[in-house]
Amino acid sequence: MAREAGHICLEERARLTLADLSFKSAKDLVTVADRRVEMFLVSTIKKNYPDHCILGEETGETTGTAPIRWIIDPIDGTTSFVHHQPFYSVSIALEKNGCVIASGVYAPVLDELFVAEKGKGASLNGTPIRVSDTFKMEHAVMATGFACLRAGWADNNLRYLNRIAPGLRDVRRYGSAALDLCYTACGRLDGYWEMNLNLYDIAAGALILSEAGGRVSDFNGTDRFPENGTAAANPHLHPKLLDHLKN
Ligand code: 2AM
Ligand code: CA
């Protein structure tokens, strides 16, 4: 389903015009593609599992009678999508009794599909993945994001960036929380943090990361993410990252 949704992204991107953009707020873009991909996902789920619940970025909550909920972000990284950059993804998580048990994140331009099943590990295009074993912050490359700035938060990530970046090898900003978590899962990144994300941004990527041996928490080290921030890294660096993020 993630791959099929990705093909719709590519098709829609090829014909996207300015008239197809609309704004949730001054900086928050949404395109006809976000809506079409979400429609595809919701209708496919409903056709196959009419009693399942769904939480989608564009359509909100669709209720059902089963204790199962799909958490979907049709295009995570809409700004990348609009600006012809490859770092966007379709993100799908499957939650049972409040716990994510399976997920997939697909980056259509890169043709990379990350999947995980609880207790069974994570893979990239079918090959098992593991987090990096980088031990020192000075050898680490971490990603972050600025959803907080886009949302106009006064208390924003620039102060954390100022604290953390000087101690790292370097910083990346890809623009898709789902992919940042997957890149940490496969060791391309050693860690990632961001404020002001929503459940649909991180639900799928968080399982992929933990199944690949990584850690994800809020900024205080508890499981209240993404509401209290999202901090992810390999197990060596997670406590060191938290040292900079804790209040
Ligand atoms: P999106 O592209 O689906 O909106 C980039 O910093 C990351 O933050 C992306 O995963 C992006 O998802 C998400 N994001 C950006 N602005 C946001 C906001 N105001 N609230 C929640 N998530 C946001
Ligand atoms: Ca998103």
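Is Glu112 buried or exposed? At 14% relative accessibility, Glu112 counts as buried, where buried means under 20% relative accessible area, exposed means over 50%, and partly exposed lies in between (1.4 Å probe, protein chains only).

**Before selecting anything**

This is a predicted model, in which local features need pLDDT of at least 70, side-chain atom pairs count only at pLDDT 80 or more, and totals for chains, interfaces and linings use all residues. Residues are numbered from 1 along each chain as its sequence is written, chains are lettered from A and ligands numbered from 1 in the order in which they are written, and side-chain values use heavy atoms, with hydrogens and water left out.

**Stop 1: Glu112 and Arg188**

Select Glu112 together with Arg188. Their side chains meet in a salt bridge, 2.7 Å from N to O; a salt bridge is a side-chain nitrogen of Lys or Arg within 4 Å of a carboxyl oxygen of Asp or Glu. The pair links distant parts of the chain, 76 residues apart: Glu112 is in strand E8, and Arg188 is in the loop between helix H6 (177-185) and E13. Helices (H or I, at least four residues) and strands (E, at least two) are DSSP runs, numbered from the N terminus. Arg188 is partly exposed, with a relative accessible area of 39%.

Asp111 is in the loop between E7 and E8 and is partly exposed at 38% relative accessibility. Asp111 is not a glycine, yet its phi is positive, about 50 degrees. Most residues other than glycine have a negative phi, and most peptide bonds are trans.

**Stop 2: helix H1**

Now select residues 2-15, which make up helix H1. At 1.5 Å a residue, its 14 residues should span 20 Å, and the end C-alpha atoms are 20 Å apart, which agrees; the expected span is 1.5 Å times one less than the number of residues.

Which residues of H1 are buried? They are Ala2, Ala5, Gly6, Ile8, Cys9, Glu12 and Arg13. These residues cover an arc of only 155 degrees around the axis, so they are on the same side of H1; the arc is that of the directions from the helix axis to the C-beta atoms. Their cover includes helix H2 (32-48), strand E5 (68-76), helix H3 (78-82), strand E6 (89-96), strand E7 (99-107) and strand E8 (112-117). Ala14 and Arg15 are exposed on the other side of H1.

**Stop 3: from H1 to H2**

Select Glu11 and Arg36. They form a salt bridge, with the closest N and O atoms 3.3 Å apart. Arg36 lies in helix H2 and Glu11 in helix H1, so the pair ties together parts that are 25 residues apart in sequence. Arg36 is partly exposed, with a relative accessible area of 32%, and Glu11 is partly exposed at 42%.

Another salt bridge to select is that of Arg69 and Glu61, at 3.0 Å from N to O. Arg69 is buried, with a relative accessible area of 17%.

**Stop 4: Thr230**

Select Thr230, in strand E15 (residues 230-233). Thr230 counts as buried, at 1% relative accessibility. Leaving aside neighbours within four places in sequence, Thr230 is in contact (heavy atoms within 4.5 Å) with several residues, among them Tyr192, Trp193, Ile202, Val216 and Phe225.

The peptide bond from Phe225 to Pro226 is cis, with omega near 5 degrees. Pro226 is in the loop between strand E14 (215-217) and E15.

**Stop 5**

Select residues 238-245, helix H8, whose buried residues are His238, Leu241, Leu242 and Leu245. Seen down the axis, the buried residues of H8 fall within an arc of 100 degrees, so they line one face of the helix. They pack against strand E11 (141-144), helix H5 (158-164), E13, E14 and E15.

Last, select Asn196, in the loop between strand E13 (191-194) and helix H7 (199-211). Asn196 has a positive phi near 60 degrees, in a residue other than glycine. At 25% relative accessibility, Asn196 counts as partly exposed.
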